[in-house]
Amino acid sequence: MWSAAAWNGRIRPRAPHVRIRSELVRTADNKVIRGQTYEAPFTDQVFALQERIALQVLETLQARTESRKHPPRIIPTHNMEAYREYLIGRSLAAVRTDEALKSAIRHYQQATARDSSFAMAYAALATAWVVYPNFWSRTDSSRNLAPSSAVAYAMSEKAAQQALSIDLDLFEARATLAYAKFLITAESGRAIPELEAVVQQAPDDPTIRTWYRHALGAAGREVEALQQSQRAVELDPLAPVGNTILGVDLAATGDTAAALVALRRVVELNPGFAAAYMVLGALLLQRGETAAGAASLCRFLVLRGYDVTRAGVVEAALAGRGSRAEAIEALEGFTRTEWEPEVRLAGFFALLGARGRALDILEAARARRVGDLLFMRYQPFLAPLRREPRFEAIWARDAWH
């Protein structure tokens, strides 16, 4: 918040400051147990204020023992311009779109440029790099900061290591480093205990739970993966990523009805979140709801930036009112415009019966080390491929080395 003060009859700017309203609300009856407003200059006094609020809330909850076990971080940086850049990056990164993540990365880079000892900014930069390939536009290479998924993961690894060189106990950096290495090496056996250790250190972080889930899923431990995705959604009930992953895991373990509930929640609250439409559409097709399923799948293509007219051709074929041959040619047009294989396009070829072409795309993604392929095995849109020998070979451990 900004304010001004009068001086000799003139208005002069006053130093920026923040005002925070803290309320502790009992969920059973929405009664405010405790409420207070705090104000402080936007200097490193903000961190002391954060600590005071946290300790007062913990005291109200009679949780002081836990507060000593995990003490608040008081001053991550003395450079408030660096901290401002970090906060802007955090708000942008939460949007999870190509443009927002690119901008978040730039703000984090500005934060670390202003304070090279700002460990939390390096950790946030590492996180942004590791998730970036899941959201960038694969149809316009000029819009991306890295030429491939592998390069983005390497950038994430570098930033996480920098963070840990400053603060060895920073759990966000430890988790991101373990996850980035998993995406680079495909060694779930190594990633699982590393991520499990961080989960024990930070049990209430839904993102780390999700990464732990990915490693478990890649290792074929579907039931444990489901447990982690359920816990991630409990921690962040409205997160589109978490609910989409929960939908995949529920479907993989046979609970399609619950999967549809989770996925419909995502598209209702986040109509621009493309990945949910892909999973939802495949499940609807499996249930015989062809028109709704085809429309949902088409929505994915449009949101990912693919040509609307060609997407309509694909939708018509999936709905049973168009030519599959024309739809496959439309999909081929998409693959020719891509600069890195989009794993989900393989799902479209598979759903249209072009299994060999679908497997070609998956193998090309593996060759390019597209990391999200590691936890795509149980996606419902790849179900038509599961009996193919080439399909299982894609996830063989030695295939990544």
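The mean pLDDT of this protein is 86, with 80% of the residues at 70 or more. The model is a predicted one. Among the elements, mean pLDDT is lowest in strand 1 (residues 4-7), at 36, and highest in helix 15 (residues 308-318), at 98. Residues 1-14 have pLDDT below 50, and this stretch makes 20 contacts in the model beyond near neighbours in sequence. Residues 63-69 also stay under 50, with six contacts beyond four places in sequence.

**Nonpolar core**

The largest nonpolar core holds 122 residues; those touching the most other members are Tyr 86, Phe 182, Leu 301, Leu 318, Phe 348, Leu 362 and Leu 382. Helix 5 (residues 119-131) gives the most to this core, with twelve residues. Helix 5 is largely enclosed by the rest of the structure, because 13 of its 13 residues are buried. From first C-alpha to last, helix 5 reaches 19 Å, close to the 18 Å expected for its 13 residues.

Beyond its neighbours within four places in sequence, Leu 318 is in contact with Leu 285, Thr 290, Ala 294, Leu 297, Phe 348, Leu 351 and Leu 352.

**Thr 112**

Thr 112 is located in helix 4 (residues 98-114). Its relative accessible area is 10%, so Thr 112 counts as buried. The Thr 112 side chain reaches the backbone oxygen of Gln 109 at 3.0 Å. Apart from neighbours within four places in sequence, Thr 112 is in contact with Ala 121 and Tyr 122.

**Salt bridges**

The count of salt bridges is 18. Three of the pairs are tabulated here.

| Pair | N to O distance |
|---|---|
| Arg 368 and Glu 340 | 3.4 Å |
| Asp 360 and Arg 390 | 2.8 Å |
| Arg 377 and Glu 392 | 4.0 Å |

Arg 368 and Glu 340 meet in a salt bridge. Arg 368 lies in the loop between helix 18 (355-367) and helix 19 (389-394), and Glu 340 in the loop between helix 16 (324-337) and helix 17 (343-351), so the pair ties together parts 28 residues apart in sequence. Arg 368 is partly exposed at 32% relative accessibility, whereas Glu 340 is buried at 1%.

Asp 360 forms a salt bridge with Arg 390. Because Asp 360 is in helix 18 and Arg 390 in helix 19, this pair ties together parts 30 residues apart in sequence. Asp 360 is partly exposed at 36%, and Arg 390 is partly exposed at 32%.

Arg 377 forms a salt bridge with Glu 392. Arg 377 sits in the loop between helix 18 and helix 19, and Glu 392 in helix 19, 15 residues apart. Arg 377 is buried, at 15% relative accessible area, and Glu 392 is partly exposed, at 41%.

Elsewhere, Asp 204, Arg 231 and Glu 234 are linked in a network of salt bridges.

Conventions
Residues are numbered from 1 along each chain as its sequence is written. Side-chain values use heavy atoms; hydrogens and water are left out. pLDDT is the predictor's confidence in each residue, from 0 to 100. Helices (H or I, at least four residues) and strands (E, at least two) are DSSP runs, numbered from the N terminus. Contact means heavy atoms within 4.5 Å. Buried means under 20% relative accessible area, exposed over 50%, partly exposed in between (1.4 Å probe, protein chains only). A polar contact is a pair of N or O atoms within 3.5 Å; within protein, one must be able to donate a hydrogen and the other to accept it, and residues adjacent in sequence count only if both atoms are side-chain atoms. A nonpolar core is a set of buried Ala, Val, Leu, Ile, Met, Phe, Trp, Tyr and Cys residues joined through side-chain atoms within 4.5 Å. The expected span of a helix is 1.5 Å times one less than its number of residues. A salt bridge is a side-chain nitrogen of Lys or Arg within 4 Å of a carboxyl oxygen of Asp or Glu.
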